[in-house]
Amino acid sequence: MITRETTQHIANLARINLSEEEQTKLTRNLEDILTYISKLERLDITAIEPTSHVLPLKNVFREDVVAASLPQQDALSTAITQQDGAFTVPQVVE
Amino acid sequence: MPYNELTAHDLSELLQKGDVTPEAVYQDLRQQILKHDNSVHAYVRVNDALSFKKDTADKNTLAIPIAVKHNICVKGEETACCSNILKGFKPPYDATVIQKLKNRGIPVLGHTNMDEFAFGSSTENSCYGPTRNPWNLDCVPGGSSGGSAAAVAAQEAIWAIGSDTGGSIRQPASFCGVVGVKPTYGRVSRYGLIAFASSLDQIGPITKDVRDAALLLNLIAGHDPRDSTSADIPVPDYPALLDKDLHGLKVGIPHEYFVEGLDPEVETAVKEAIEALKTLGVQTVDISLPHTEYCVATYYIIATAEASSNLARYDGVRHGLRCRPSQTRKNSITDMFEETRARGFGEECKRRVMLGTFSLSSGYYDAFYLRGQKVRTLIKQDFDRAFKEVDAIVMPTSPTTAFKIGEKANDPLSMYLSDIYTISANLSGIPAVSMPCGFSKSGMPIGLQICAKPFDEATMLRMAYHYEQKAGWYKHKPGLEEKR
């Protein structure tokens with residue numbers, strides 16, 4: 001079910017640069033795990049609603065009240081690089 | 001007896017009488033850590049100078065230091081989920097549970113070891129190296145909250161908190177012979193818990209006995225406006241509700257949890273515990289949870305899908321690690337994402353992010369993620385049906401006792417299957433506790449699991465407490481000295 005090309009495609013979606021060795025190993029691992037998971041195909045689920053979480057909640061609303069939030073300088077205290085009150089990244093557009 | 005060997009409720013009494021100071025408790029804990037943590041490696045950091053807040057209102061009777069899993073944010077202290085990608089990250093705020101504990105004068109003793117981002121059942125997948133089981137240093141402590149469980153078992157902590165997504169509190173509690181509680185989903189705020197799988201994660205206590213677990217759950221539970229999934233339901237006074245006897249309670253025994261693969265020594269111990277519960281006035285009923293065999297498969301779709309989404313934020317942009325390849329591959333920013341994640345994530349972490357990305361990806365979503373969510377409904381319905389008939393469900397916590405370090409390291413699927421009995425409580429959202437119910441011939445602890453109806457932790461803890469007092473396993477402590 002899982003080919004090396006699938007692994008490369010998924011790694012691209014997940015933004016992880018995998019080594020040749022990792023690609024080989026993960027292709028095998030994913031194949032094994034997905035084969036195990038395929039046991040779910042035995043169940044008839046046509047009339048079943050999906051569960052995304054277990055609480056009987058739809059939307060949770062609150063009053064729109066102005067309150068203090070984390071100060072900008074605290075939020076930036078862990079920044080790898082910053083400038084003018086913002087996180088900075090390598091230049092994107094040449 | 002050194003203070004580190006006492007429970008929190010014992011120490012609280014001594015503090016009330018003025019027979020002990022918080023500083024003395026800290027000193028004894030520190031001694032024990034210095035003596036044994038080189039071999040156990042429960043901690044990734046122990047705080048040097050604890051500031052003991054003098055809270056005269058409650059005489060500071062709870063000023064008992066607590067050990068905290070490395071994925072729960074403590075302001076100004078490295079909280080990195082034992083991952084290279086977050087190494088050095090010092091949160092600018094406290095998790096709600098930490099804020100609640102600090103408000104009661106409870107200081108953080110240190111952060112404990114864990115599987116990277118809570119991905120694992122052995123605490124071997126940590127960027128700081130493995131934790132060892134205090135009962136046998138060649139064995140794993142379980143995981144992913146293995147550091148917290150080992151710290152409590154080795155008496156290097158009075159009490160601790162961990163997180164449980166598929167058994168990460170209960171399975172290590174079982175392997176280390178301590179008490180571990182996964183509360184109902186929504187009982188405890190997740191604000192400041194670094195997310196693994198948001199529909200499954202819960203923070204909970206790891207303690208030496210059930211009374212301490214009740215006490216600690218009381219301190220951390222409750223609605224939090226910062227976590228919309230935390231339930232706005234009153235929190236009962238758990239310790240006060242422990243004493244009432246068990247007469248009239250009905251317990252379900254699901255036959256699907258006593259099948260091939262269950263270690264005979266574990267089976268015997270759990271069945272003896274069930275007999276002990278009967279003598280305490282509990283009535284047992286044979287029940288069926290027919291979708292049990294699909295729990296692990298369902299979990300590894302849902303948990304990894306949510307994890308792949310939650311871990312998308314670790315990309316080298318804001319905090320933690322940033323790496324760039326020596327040569328341009330795609331473009332500067334994509335190269336940075338891919339290189340940072342390649343070097344920052346460990347092997348199991350990559351495997352889970354890949355698996356989750358796969359089941360959410362175009363072409364596979366319906367066959368995997370959506371199917372998983374539907375089977376989750378069936379699993380939840382099993383429990384809804386069972387709880388119409390019974391007050392609690394009793395089963396083993398884990399099919400085996402602690403395995404050897406390295407034993408399952410190269411076989412991810414067999415590692416996943418070690419969570420086979422704990423995952424269903426997360427998928428269905430119900431509370432569950434693991435507590436000691438005996439020892440194997442080789443001296444390793446065996447865990448009993450009690451599950452209850454949503455938000456009925458009180459009945460669950462009461463049953464656990466009466467069994468614990470009758471059986472007395474909590475009195476056994478690992479002989480660390482001899483094993484070194």
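This is a predicted model: local features need pLDDT of at least 70, side-chain atom pairs count only at pLDDT 80 or more; totals for chains, interfaces and linings use all residues.
## Helix H6 of chain B

Helix H6 of chain B spans residues 210-220, and ten of its eleven residues are buried, so the helix is largely enclosed by the rest of the structure. The buried residues are Val210(B), Arg211(B), Asp212(B), Ala213(B), Ala214(B), Leu215(B), Leu216(B), Leu217(B), Leu219(B) and Ile220(B). An α-helix has 3.6 residues a turn, so residues three or four places apart point the same way. Just after H6(B), Gly222(B) adopts a positive phi of about 125°.

## Sheet of chain B

Eleven strands of chain B form an open sheet with mixed pairing, in the order E1-E3-E2-E4-E6-E5-E10-E11-E9-E7-E8. Strands E1 (43-46) and E8 (283-287) of chain B stand at the edges; each has a single partner strand, so one side of each is left without a neighbour in the sheet. On average, neighbouring strands are turned by 25° against each other, direction ignored.

Strand E5 (residues 179-182) and strand E10 (residues 432-439) of chain B run antiparallel and are joined by three bridges. Val181(B) has Val433(B) in E10(B) as its bridge partner.

## Chain A

Chain A has three helices and two strands, which run α-α-α-β-β from the N terminus on. Its radius of gyration is 23 Å, whereas a compact globule of 94 residues would have one near 12 Å. Along the principal axes, the C-alpha atoms of chain A fill a box of roughly 55 × 45 × 25 Å. Of the 94 residues, 19% count as buried.

Pro71(A) lies in the loop between H2 and H3 of chain A. This proline is exposed, because it has 10 other C-beta atoms within 10 Å and a residue counts as exposed at 12 or fewer. Pro71(A) and Lys58(A) are 13 residues apart in sequence and 31 Å apart in space, C-alpha to C-alpha.

## Contact between the chains

The contact takes 41 residues from chain A and 53 residues from chain B. On the side of chain A that touches chain B, the elements giving two or more residues are helix H1 (4-13), helix H2 (20-37) and helix H3 (72-75) of chain A. H2(A) gives the most, with seven residues. The residues on this side of chain A divide into 27 nonpolar, eight polar and six charged.

Asp315(B) is found in the loop between H8 and helix H9 (332-344) of chain B. Asp315(B) is buried, because it has 21 other C-beta atoms within 10 Å and the cut-off is 20 or more. Apart from residues up to four places away in sequence, Asp315(B) touches Arg15(A), Phe337(B), Thr340(B) and Arg341(B). Asp315(B) and Arg30(B) are 285 residues apart in sequence and 37 Å apart in space, C-alpha to C-alpha.

Notes. Residues are numbered from 1 along each chain as its sequence is written. Chains are lettered from A and ligands numbered from 1 in the order in which they are written. Two residues are in contact if their C-beta atoms, placed from the backbone, lie within 7 Å. Helices (H or I, at least four residues) and strands (E, at least two) are DSSP runs, numbered from the N terminus. Ala, Val, Leu, Ile, Met, Phe, Trp, Tyr, Cys and Pro count as nonpolar, Asp, Glu, Lys and Arg as charged, and the others, Gly among them, as polar. The radius of gyration is taken over C-alpha atoms; the globule rule is 2.2 Å times the number of residues to the power 0.38. Two strands pair if DSSP finds at least two bridges between them. Axes are lines fitted to C-alpha atoms, for helices over the stretch in contact, and angles run from 0 to 180 degrees between N-to-C directions.
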